[in-house]
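Me: I would like to learn how to read a model like this one, feature by feature. Could you take me through it, with the general idea ahead of each case?

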Amino acid sequence: MANVNVKKVKSSEIEFKDRLVSIQRVTKVTKGGRTFSFSAIVVVGNEDGVVGYGLGKAKEVTTAISKGIDDAKKHLIQVPVHKGTIPHAQEGKYSGASVLIKPASHGTGVIAGGPMRAVLESVGVTDVLAKSKGSSNPHSVVKATIDALTKLRDPFSVAQQRGVSLEKVFNG
């Protein structure tokens, strides 16, 4: 995930909304019996181009969720959102999961499955087409979606790099 486009964001000055992606009850079998704990994967975002994900583990559900939120706020990235959609189509991959996200016209909505939908809505994307291929493990799908979002290039920076106008980037 070492990408030049990734901008780390400080969580102190932004108001976040959190979404619980999945929660699992994990069992550890010891000679004294079974010990139950919970693991929760959480996505936080300000619905304006900033998103992060985190994993929390604890003996109780609420503690696991709050730990996940704290972890997510430590791993925030900036994503270029252009008129409610993404600038261009992009693939992302993590472990066995691979995802494809494509820009869509206004009014399409977020066409995406569970974990991907949580990430894309947290970013603030309102119109996008998405497909999850490979593993359906929520952890891997969330990380693959974040990977795809980090690879997105801002149209303004592309125009600057090429030394052309913004209109030429979209038309040419």
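Reply: Gladly, and let us begin with a charged pair: Glu121 forms a salt bridge with Arg117, with 3.3 Å between the closest N and O atoms. A salt bridge here is a side-chain nitrogen of Lys or Arg within 4 Å of a carboxyl oxygen of Asp or Glu. Please keep in mind that this is a predicted model, where local features need pLDDT of at least 70 and side-chain atom pairs count only at pLDDT 80 or more, while totals for chains, interfaces and linings use all residues. Residues are numbered from 1 along each chain as its sequence is written, and side-chain values use heavy atoms, leaving out hydrogens and water.

Me: How are Glu121 and Arg117 placed in helix H2?

Reply: The general idea: an α-helix has 3.6 residues a turn, so residues three or four places apart point the same way. Here Glu121 and Arg117 are four residues apart in helix H2, about one turn of the helix. Helices (H or I, at least four residues) and strands (E, at least two) are DSSP runs, numbered from the N terminus.

Me: What about helix H2 as a whole?

Reply: Seven of the ten residues of H2 (114-123) are buried, so the helix is largely enclosed by the rest of the structure. Among them are Pro115, Met116 and Leu120. After H2 comes Gly124, with a positive phi near 110 degrees.

Me: Where do Asp147 and Lys151 lie?

Reply: Both are in helix H3, four residues apart, and therefore about one helical turn from each other. Asp147 is buried at 10% relative accessibility, whereas Lys151 is partly exposed at 32%. Elsewhere, salt bridges with shared partners join Lys17, Arg19, Glu47, Arg117 and Glu121 into one network.

Me: In what order do the strands of the sheet come?

Reply: Two strands pair if DSSP finds at least two bridges between them. Four strands form an open, antiparallel sheet here, in the order E1-E2-E3-E4. E1 (17-30) and E4 (76-78) stand at the edges with a single partner strand each, so one side of each has no neighbour in the sheet. E1 and E2 (33-45) pair over 13 bridges, with Asp18 opposite Val44 in E2.

Me: Which residues of helix H1 are buried?

Reply: They are Ala64, Gly68, Ile69 and Ala72. These residues cover an arc of only 140 degrees around the axis, which puts them on the same side of H1; the arc is that of the directions from the helix axis to the C-beta atoms. The face turned away from that buried side carries the exposed residues Thr62 and Lys74. The cover over the buried residues of H1 includes E1, E2, E3 and E4, where contact means heavy atoms within 4.5 Å.

Note on methods. Buried means under 20% relative accessible area, exposed over 50%, partly exposed in between (1.4 Å probe, protein chains only).
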